[in-house]
Amino acid sequence: MSVLIASLGRVAFRLGPAVAALALVGCSTVGDVVGGGSDESADGESGTAVDCLPIVVGEDTGDIFVIYEVINGQLGDVCFGRQRNVVEDGWDALAEVAPPEQLDHIDLFAGFTSIDTTVAFAGPIDDDNERFVMAVDLNSAGADADELRLTMAHELAHVFTQTPDQLDLDARLATCETYYNGFGCFLEGSFMADWIEQFWSEEQLASLPIKGTIDEEGGEERCVIDPTVLGAYSASHPEEDFAESFSAYVFGVEVPPALEPKMAFFDARPELAAFADRAAAADREGIDNNFDRCG
Ligand SMILES: [Zn+2]
């Protein structure tokens with residue numbers, strides 16, 4: 001298989017339940033690959049351990065070659081496979097802009113070799129969306145440092161919009177009054193509920209697959225007529241729209257005027273603006289706009 005290079009055209013897909021990934025041709029939410037990956041905290045022991053196994057990370061998008069533990073928002077030891085510089089570079093790119101508390105929900109950080117166009121993914125590894133994995137494709141992550149930065153911010157956006165303070169996993173589609181993403185219903189006042197209310201019309205929402213999956217074809221169509229999206233991938237799903245737009249915001253990507261309200265959305269929320277502040281402090285602002293275009 002050819003190496004996924006492609007410096008342009010970032011997109012992401014969802015593969016299935018609850019994990020979101022960024023691919024060159026669509027971000028995938030990887031499936032609920034995970035299944036109960038966490039150990040019970042038996043006998044009152046504190047600090048539950050997550051199983052450091054490829055099956056926990058998820059193998060739908062490719063083989064897992066390395067897994068690192070993440071402890072208190074810090075990259076820890078390799079717990080599966082062997083050390084890979086490109087994975088550590090991905091972590092560094094993430095930690096450079098993410099306020100430390102935003103990394104609290106990440107328990108594993110992995111490297112895989114993509115079998116499709118997925119360049120990274122993120123998703124929960126427990127049943128409560130308290131603990132997450134993020135993973136980067138070993139073949140493409142080293143191709144472009146700025147792309148890697150955008151990708152990491154994109155994936156982390158999927159994490160902090162799916163935690164229990166954001167997404168009600170017990171809710172059902174039929175009774176969800178915000179948006180049901182296939183796994184749960186976004187809580188009133190959550191980032192995604194506000195985003196969708198502000199930027200996705202009833203008509204647009206009605207055109208999406210009812211199960212909350214990515215709509216690539218519809219994304220192409222919406223992209224052509226909607227000047228407020230960064231590209232076809234953004235237009236494929238509200239969560240991809242959020243994640244793509246957020247990554248552009250963090251790194252001060254120059255966007256068309258029609259996207260200013262979306263940038264202002266992040267700017268008005270201090271916990272999200274903090275990412276951009278850190279990017280600016282690290283002199284990472286002004287990444288080129290290489291988002292996938294329509295068509
Ligand atoms: Zn995504």
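**How many bridges join β2 to β4, and do the two strands run parallel or antiparallel?** The count is 7, and β2 and β4 run antiparallel. Here two strands pair if DSSP finds at least two bridges between them. Aspartate 63 sits opposite threonine 113 in β4. A quick note for every view: this is a predicted model, where local features need pLDDT of at least 70, side-chain atom pairs count only at pLDDT 80 or more, and totals for chains, interfaces and linings use all residues. Residues are numbered from 1 along each chain as its sequence is written. Helices (H or I, at least four residues) and strands (E, at least two) are DSSP runs, numbered from the N terminus.

**Close-up of the β2 and β3 hairpin.** Strand β2 (residues 62–71) is joined by 5 bridges to strand β3 (residues 74–81), and they run antiparallel. Look for valine 66 opposite glycine 81 in β3. The hairpin has 2 residues between the strands, and asparagine 72 takes a positive phi near 50°.

**Close-up of β4 and its partner β6.** Strand β4 (residues 106–114) has 8 of its 9 residues buried, so it is largely enclosed by the rest of the structure. Buried means that 20 or more other C-beta atoms, placed from the backbone, lie within 10 Å of a residue's own. β4 runs parallel to strand β6 (residues 132–137), with 6 bridges joining them. Glycine 111 faces valine 136 in β6 as its opposite number.

**Close-up of α3 against α7.** Helix α3 (residues 145–160) packs on helix α7 (residues 238–250) at about 135°, with the axes 8 Å apart. Axes are lines fitted to C-alpha atoms, for helices over the stretch in contact, and angles run from 0 to 180 degrees between N-to-C directions. The pair is therefore oblique; angles under 35 degrees count as roughly parallel, over 145 as roughly antiparallel, 65 to 115 as roughly perpendicular and the rest as oblique. Leu150, Ala153, His154, Ala157 and His158 in α3 meet α7 residues including Phe242, Phe246 and Val250. Contact means C-beta atoms, placed from the backbone, within 7 Å. Ala, Val, Leu, Ile, Met, Phe, Trp, Tyr, Cys and Pro count as nonpolar, Asp, Glu, Lys and Arg as charged, and the others, Gly among them, as polar.

**Close-up of α4 against α7.** Helix α4 (residues 191–199) and α7 pack at about 100°, axes 10 Å apart, and are therefore roughly perpendicular. Met192, Trp195, Ile196 and Phe199 in α4 meet Pro238, Glu239, Asp241 and Phe242 in α7. That contact has 6 nonpolar, no polar and 2 charged residues.

Methods
Two residues are in contact if their C-beta atoms, placed from the backbone, lie within 7 Å. A residue is buried if 20 or more other C-beta atoms lie within 10 Å of its own, exposed if 12 or fewer, and partly exposed in between; C-beta atoms are placed from the backbone.
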